[in-house]
Amino acid sequence: MHSVFAHAVNLQADFGICTLLYDTALRPNSVLLSENPYFQSWPLHDESLFFLSPEKIWTDDPAQGLCVELIPAKAIDLRLRRPANKGFIGGLEQKMDIIAKAVFQSGRHEGLAPLLCNAPVGIHAAIYAVKENPYSLFLRPKIDCFCRVMEQNDLAAIRRAAAGIAGCGPGLTPSADDFILGFICVWSLGETGGAFTQAKIDAAALEAVKHTGSISAAFLRHCAQGLYSLDILQFAEALQEDTTEPPGGDPAGDNLRAACEKVLQFGAASGADFLCGAFYALMSRRPAV
């Protein structure tokens, strides 16, 4: 057993982290339970040993009687699919505005939310203000460097930039790691570089793995494989929708707003930091002026 939380149990396996979940989005190498188990009430301890097979997950202590049957489980494909139409960034400014508003209004500003205040997008800085914190002050120039080198073709520079920010920030998944996930997820949607695009993703994500904790490293490895939680995949789908105001004045972008709200539920600031990374990836797609 790796760690236990109210809605998750992380198990350390030979292939990485395997997670039992409840009341949250399915993610790679996880099992979502249908009944409320409240994991913190399970009779587990640091030495609890679990066994995994294609049919079930169970403990080594018969007195605990803990067994999760896998045969009835439905397999879900959690691979990120790049759009056939690379023009998904239509309505770019509105999508950035939706993301920025969601982050600012969430109040989850312990991590990198202050970076959005000074982003060169005009309206956001004028309307919102978030107090700087030590993490945003320290990471601001390093994140600018990371975003810049991801647009270039120097894999060594990408590795150095990723190593310079990975593992920094509060939480079990540090803010910079969540930023990397959000940036790569959205940045990769608009990339057409084939194998070299994947080489750049690998350079960033797998270098970051070397400089952070095991839970965050698991997410970064999945990122390199194009695997994300179901909530993130829904966010990516909503991001590709047309957010142009339809005739009649009906609200546009509601799916993206709802997807942002779900992502924001990740941890204390993890969701907000992921959205900051997504925002910067969109910002990199803005036409030069």
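The lining of the largest pocket is made up of 18 nonpolar, 11 polar and 7 charged residues; Ala, Val, Leu, Ile, Met, Phe, Trp, Tyr, Cys and Pro count as nonpolar, Asp, Glu, Lys and Arg as charged, and the others, Gly among them, as polar. This is a predicted model, in which local features need pLDDT of at least 70 and side-chain atom pairs count only at pLDDT 80 or more, while totals for chains, interfaces and linings use all residues. Residues are numbered from 1 along each chain as its sequence is written, and side-chain values use heavy atoms, with hydrogens and water left out.

The largest pocket holds about 910 Å³ of space. A pocket is an open set of points on a 1 Å grid over the protein atoms alone, with protein on both sides within 12 Å along at least five of seven lines; a cavity is a set of points where a 1.4 Å probe fits but cannot get out, and lining residues have an atom within 4 Å of a point. Grid points are joined across faces, edges and corners, and a volume is the space filled by probe spheres set on the points. Of the 36 residues lining the largest pocket, Arg-27, Phe-219, Phe-266, Gly-267 and Ser-270 are the closest to its centre.

The second largest pocket has a volume of about 430 Å³. Among its 16 lining residues, Leu-26, Ser-30, Lys-74, Ala-75 and Ile-76 are the closest to the centre. The lining of the second largest pocket has 12 nonpolar, 2 polar and 2 charged residues, and strand E4 gives the most to it, with 3 residues.

E4 (30-32) is also an edge strand, as is E1 (3-5), in an open sheet of 4 strands with the order E1-E2-E3-E4 and mixed pairing. Helices (H or I, at least four residues) and strands (E, at least two) are DSSP runs, numbered from the N terminus, and two strands pair if DSSP finds at least two bridges between them. E2 (residues 8-13) and E3 (residues 16-21) run antiparallel and are joined by 6 bridges. Asn-10 has Thr-19 in E3 as its bridge partner.

Both Asn-10 and Thr-19 also line the largest cavity, as do Arg-27 and Phe-219. This cavity holds about 50 Å³, and the structure has 1 cavity of 30 Å³ or more. Helix H7 (214-224) and E3 each supply at least two residues of the cavity lining, with H7 giving the most, 4 residues.
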